[in-house]
Amino acid sequence: MGPSRIPRRGLLVIDMQHGLFNGALRPYRADDVLANINALIDRAHAADAPVFAARHVGPAGSPLASDSPLSQLLADLAIDPARDTVFEKTRPSCFFETGLAERLAAAGIEELVIVGMKTDYCVDTTCRAARDLGVAAVLVADAHTTTDSPVLAAQIIIEHHNATLRGAFVSLVASADCTFAAA
């Protein structure tokens with residue numbers, strides 16, 4: 001029996017923005033997570049898989065207003081705006097009023113690989129929303145992050161979400177094992 005077919009995957013990078021990544025609290029394993037995300041972007045590009053990058057924005061005049069430097073994607077992020085789809089969202093779900101589900105369907109995406117920030121907010125909500133919309137999702141265990149909360153350390157938050165989301169909402173994979181099929 002031959003190897004099983006790799007589903008057509010797209011990559012979703014959530015909220016890797018200056019104001020969240022470079023805020024008062026440093027995200028857990030920030031540099032490692034950024035390196036893992038960039039490696040995944042490079043792999044997706046090499047396979048000609050679609051890459052989507054969400055930016056969380058707030059109302060005009062707010063710290064995360066669309067034109068604010070804090071809402072911009074990290075300069076060190078390997079997103080190529082000429083090739084990748086960068087979109088704005090105003091809620092924790094990357095699917096809420098963004099057209100993402102329609103873009104995935106149009107691109108023939110069978111599985112959505114999810115990475116980014118923050119584990120306990122937008123990553124969690126997007127994983128759960130994907131399930132509700134019938135979008136198969138893969139969460140990359142070492143390519144999402146958050147900051148310490150008043151009650152839990154970031155490492156515990158991440159471990160908890162990996163355990164909670166796995167199976168019921170997503171498949172869980174390590175970045176080193178996450179592949180994209182050539183188009």
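Biologist: Which residues is Thr-126 in contact with, leaving aside neighbours within four places in sequence?

Modeller: Thr-126 is in contact with Leu-12, Ile-14, Pro-92, Ser-93, Cys-94, Phe-95 and Ile-114, once those neighbours are set aside. Contact means heavy atoms within 4.5 Å. This is a predicted model, where local features need pLDDT of at least 70 and side-chain atom pairs count only at pLDDT 80 or more, while totals for chains, interfaces and linings use all residues. Residues are numbered from 1 along each chain as its sequence is written, and side-chain values use heavy atoms, with hydrogens and water left out.

Biologist: Thanks! Where is the place of Thr-126, and is Thr-126 buried or exposed?

Modeller: Thr-126 belongs to helix α4, residues 119–132. Helices (H or I, at least four residues) and strands (E, at least two) are DSSP runs, numbered from the N terminus. With a relative accessible area of 0%, Thr-126 is buried. Buried means under 20% relative accessible area, exposed over 50%, and partly exposed in between (1.4 Å probe, protein chains only).

Biologist: Ile-14 was in that list. In which strand is Ile-14 found, and what does Ile-14 contact beyond its neighbours within four places in sequence?

Modeller: Ile-14 is in strand β1, and its relative accessibility of 0% is why Ile-14 counts as buried. Leaving those neighbours aside, its contacts include Ala-54, Lys-89, Cys-94, Ile-114, Cys-122 and Thr-126. Ile-14 and Cys-94 are 80 residues apart along the chain, yet their C-alpha atoms are separated by 7.8 Å.

Biologist: Let's zoom out to the sheet. In what order do the strands come?

Modeller: The open sheet has 6 strands in the order β3-β2-β1-β4-β5-β6, with parallel pairing. Two strands pair if DSSP finds at least two bridges between them. β3 (85–89) and β6 (171–173) stand at the edges with a single partner strand each, so one side of each has no neighbour in the sheet. On average, neighbouring strands of this sheet are turned by 25° against each other, direction ignored. Axes are lines fitted to C-alpha atoms, for helices over the stretch in contact, and angles run from 0 to 180 degrees between N-to-C directions.

Biologist: How many bridges join β1 to β4?

Modeller: There are 6 bridges between β1 (residues 9–14) and β4 (residues 111–117), which run parallel. Leu-12 has Ile-114 as its bridge partner in β4, and Val-13 stands opposite Val-115. On to β5: 6 bridges join β4 to this strand, again running parallel, and Leu-112 has Ala-137 as its bridge partner there.

Biologist: How many residues of β4 are buried?

Modeller: 7 of the 7, so β4 is largely enclosed by the rest of the structure. Glu-111, Val-113, Val-115 and Met-117 are buried on one side, and Leu-112, Ile-114 and Gly-116 on the other. In a regular strand the side chains alternate between the two faces of the sheet.

Biologist: Which strands does helix α2 lie across?

Modeller: Helix α2 (residues 30–46) lies across β1, β2 (51–56), β4 and β5 (136–145), at about 140° to β5. Its buried residues, among them Val-33, Leu-34, Ile-37 and Ile-41, pack against β1, α1 (18–21), β2, β4 and β5. An α-helix has 3.6 residues a turn, so residues three or four places apart point the same way.

Biologist: And what span should α2 have?

Modeller: The 17 residues should span 24 Å, and the end C-alpha atoms are 24 Å apart, which agrees. The expected span is 1.5 Å times one less than the number of residues. After α2 comes Asp-48, with a positive phi near 60°.

Biologist: Switching to rings: which charged ends sit over a ring?

Modeller: The charged end of Arg-91 sits over the ring of Phe-96, 4.3 Å from its centre. The charged end of Arg-128 sits over the ring of Phe-169, at 4.6 Å from the centre. Such a case needs NZ of Lys or CZ of Arg within 6 Å of the ring centre and within 35 degrees of the ring normal.

Biologist: Last one: is Arg-55 buried or exposed?

Modeller: Arg-55, in strand β2, is buried, with a relative accessible area of 8%. Its contacts beyond four places in sequence include Asp-15, Gln-17, Phe-87 and Glu-88. Phe-87 lies in strand β3 and is buried at 4%.
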